[in-house]
Amino acid sequence: IPAMGGLGKLQGFCAVACEWGYSWAWSDTCCIDKHSSAEVQETIGSMFAWYRQSALTIVYLSDVPDTGSIGSSEWFRRGWTLQELLAPRTVLFYTRNWSLYKNLTSANHKKDATVLAELARATGIEPQFLYDFSPGKDNPRSRLQWASSRLTTRPEDIAYSLFGIFNVHLPVLYGESAEHALGRLLTEIVSQSGDISVLDWVGEPSPFHSCFPAHITSYQRLPMPPHLNAEERSSAISEGLRSFEVLSLQDVPGSPTVRSVQLRTPDSNVLGEVHDIHSPDRVPLVRFFGRLLALPCIPYQVIAIQLKGADPSSPNYMYNIRASGLTPLEIALPVNLEDVTRSQGVLYLVRPWHSKLLGPVAELHAVTDEQLVSTLWTPFNALLLTQLPHNEYKRIASSTLITAHPLDQASVVNSKIRVFNIV
């Protein structure tokens with residue numbers, strides 16, 4: 001049969017399998033009936049296990065010449081190939097002419113230190129995960145970051161290709177939007193693990209839920225809040241307080257672009273469940289009710305916002321924000337907060353709460369006030385929430401990284417954990 005197109009690739013694959021002494025081989029080029037929705041569903045749900053149980057996985061890099069580098073291949077930018085890389089225990093890479101990569105004669109390139117180092121550079125995945133990966137929901141944000149720069153032909157496949165990596169079993173609904181598919185996956189991860197690291201992103205919000213991103217690219221990178229020593233923290237607090245000496249309830253005379261708005265205090269009955277910060281073992285885990293996210297948070301109510309000015313060359317508004325228990329902060333937002341506060345009037349900067357904030361193996365019943373202060377009196381990435389009717393909230397300004405600083409030890413020791421119902 002003429003070795004043309006995909007058939008040539010299939011023939012080369014079978015020839016290599018025979019050279020290694022195998023009588024049977026499986027290739028997604030021809031072994032999936034993509035016209036059968038039931039078979040596609042079963043395949044997507046089983047594919048990680050098939051690769052994991054394979055005696056050998058052969059990876060053909062058609063765009064890498066014999067003298068080329070493995071990291072230049074398009075294979076590392078495709079969504080489905082992430083599980084093809086992580087799941088198998090034994091992998092061999094072949095170049096354009098079906099030659100072993102760099103003529104390495106090892107029976108498993110995952111055990112070759114040179115290849116592992118190249119794979120780590122190409123994927124951003126640490127070698128121990130490349131060599132010995134376990135599917136599941138541990139550290140889910142890192143797994144999302146591994147997939148964040150990859151692409152799929154069908155947009156919803158970027159979520160489906162991760163089902164095996166997270167060991168979740170969900171319906172495959174081709175025709176749904178990529179935002180909906182990703183939202184279903186993230187909901188399942190949070191519901192099963194209680195892990196809130198998937199809420200740590202910056203970008204466009206999803207129509208599925210305001211706490212989820214519209215695109216997986218939002219997980220590519222997130223700057224960590226800076227660590228401040230005692231002297232730097234004290235200086236930041238003093239500087240922040242001085243910056244608000246001119247804050248008032250009236251427009252600042254002579255400066256029409258600088259305005260201050262005082263925000264109302266909400267009724268206590270709209271704040272949801274309240275839990276003592278000193279009893280972290282009694283705080284409920286994050287949970288979903290349909291698409292309603294019940295999220296435990298340490299809240300800091302925004303009590304005043306000050307518009308410094310709008311940049312006519314971009315849709316950004318520069319604000320000084322004062323929240324109870326936080327040092328004043330300055331952020332650039334693509335939305336006019338005055339429009340938001342005019343309709344709702346209540347804003348919160350919140351720190352999502354999870355026991356992992358105190359350490360991965362913390363014994364919550366034995367946590368001391370000193371441990372709480374040491375852990376929580378640090379800068380953190382805050383979510384900005386606005387109140388909606390019916391005791392619900394919505395995340396806004398997600399396109400901006402908001403780094404918040406607790407004001408002092410008292411603001412930590414006296415804080416409470418409240419459960420916000422977020423849509």
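Helices (H or I, at least four residues) and strands (E, at least two) are DSSP runs, numbered from the N terminus. With that in hand, select Trp98, in the loop between β2 (91-94) and α4 (113-123). Phi of Trp98 is near 60 degrees, a positive value for a residue that isn't glycine. Because its relative accessibility is 22%, Trp98 counts as partly exposed; on this scale buried is under 20% relative accessible area, exposed is over 50%, and partly exposed is in between (1.4 Å probe, protein chains only).

Some ground rules before moving on. This is a predicted model, in which local features need pLDDT of at least 70 and side-chain atom pairs count only at pLDDT 80 or more, while totals for chains, interfaces and linings use all residues. Residues are numbered from 1 along each chain as its sequence is written, and side-chain values use heavy atoms, with hydrogens and water left out.

Now jump to His390, in the loop between β11 (383-388) and β12 (392-396). Phi here is positive too: near 65 degrees for His390, again not a glycine. His390 is exposed because its relative accessible area is 72%.

Zoom out and color by pLDDT, the predictor's confidence in each residue from 0 to 100. The protein averages 85, and 83% of the residues score at least 70. Where pLDDT is low, the predicted coordinates should not be read in detail.

Next, select helix α6 (residues 140-147). Six of its eight residues are buried: Pro140, Arg141, Arg143, Leu144, Trp146 and Ala147. Show the surroundings and you'll find these buried residues packing against α3 (81-86), α5 (127-131), α7 (157-160), α8 and α9 (178-193).

On to Leu199, in the loop between α9 and α10. Why does Leu199 count as buried? Because its relative accessibility is 5%. Leaving aside neighbours within four places in sequence, Leu199 is in contact with Cys211, Phe212, Leu293, Leu295, Leu383 and Arg395.

On a 1 Å grid over the protein atoms alone, a cavity is a set of points where a 1.4 Å probe fits but cannot get out; a pocket is an open set with protein on both sides within 12 Å along at least five of seven lines; lining residues have an atom within 4 Å of a point.

For the largest pocket, select Asp28, Thr29, Tyr51, Arg78 and Glu84, which lie nearest its centre among the 43 lining residues. Its volume is about 1,300 Å³, where a volume is the space filled by probe spheres set on the points, and grid points are joined across faces, edges and corners. Helix α2 gives the most to this lining, with six residues.

Last stop: the structure holds one cavity of 30 Å³ or more. Select Asp200, Trp201, Asn381, Arg395 and Leu401, the closest to the centre of the largest cavity out of the twelve residues that line it. About 40 Å³ of space lies in there.

Methods:
Contact = heavy atoms within 4.5 Å.
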